Amino acid sequence: YNFLNKNYRQLIGSGMSHLSVLPKLPVPTLSGTLDRFLTALAPLLSPEQFSETLRLTEEFKREQGPLLQEKVLKLSLETDNWAGYVSTQARYLTNRSSLTLTNGAGISLVPVPLDA
């Protein structure tokens with residue numbers, strides 16, 4: 001720790017004390033999210049698959065989407081980081097199976113050939 005630059009030591013020592021001054025993560029619009037979803041899938045699907053995905057996406061946009069968007073907007077008002085909260089819930093708190101090493105967002109496992 002002492003070998004680090006003084007400014008870097010101060011940054012590490014401060015931890016997350018400046019988190020409260022950062023702006024909150026905005027909630028993207030439902031339409032924007034669905035548009036990005038379709039744009040990402042378009043090159044991966046056949047025309048028939050994309051047509052079906054488009055139909056299902058439009059159905060979601062009319063039916064379940066607005067309710068879920070409202071819930072995310074409410075969550076964004078109640079928490080400092082709605083995306084982190086959702087990620088933590090999904091990754092650790094609703095998964096009843098054993099956690100593996102690959103569950104950590106900061107871990108990257110590279111295959112090593114056995115004959116090396």
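Tutor: Let us start with the surface: the accessible surface of the protein comes to about 9700 Å², and 62% of that belongs to carbon and sulfur atoms (Shrake-Rupley method, 1.4 Å probe; for residues, only the protein chains shown count as cover). This is a predicted model, in which local features need pLDDT of at least 70 and side-chain atom pairs count only at pLDDT 80 or more, while totals for chains, interfaces and linings use all residues. Residues are numbered from 1 along each chain as its sequence is written, and side-chain values use heavy atoms, with hydrogens and water left out.

Student: How many helices and strands does the protein have?

Tutor: The protein has five helices and zero strands, where helices (H or I, at least four residues) and strands (E, at least two) are DSSP runs numbered from the N terminus.

Student: How is a pair of packed helices described?

Tutor: Two packed helices are described by the angle and the distance between their axes. Here the axes of α3 (residues 47–62) and α4 come within 3 Å and cross at roughly 55°; axes are lines fitted to C-alpha atoms, for helices over the stretch in contact, with angles from 0 to 180 degrees between N-to-C directions. Therefore α3 is oblique to α4 (under 35 degrees is roughly parallel, over 145 roughly antiparallel, 65 to 115 roughly perpendicular, the rest oblique).

Student: Is Gln69 buried or exposed?

Tutor: Gln69, in helix α4 (residues 64–78), counts as buried because its relative accessibility is 18% (buried is under 20%, exposed over 50%, partly exposed in between; 1.4 Å probe, protein chains only). Leaving aside neighbours within four places in sequence, Gln69 is in contact (heavy atoms within 4.5 Å) with Val27, Pro28, Thr29 and Leu30.
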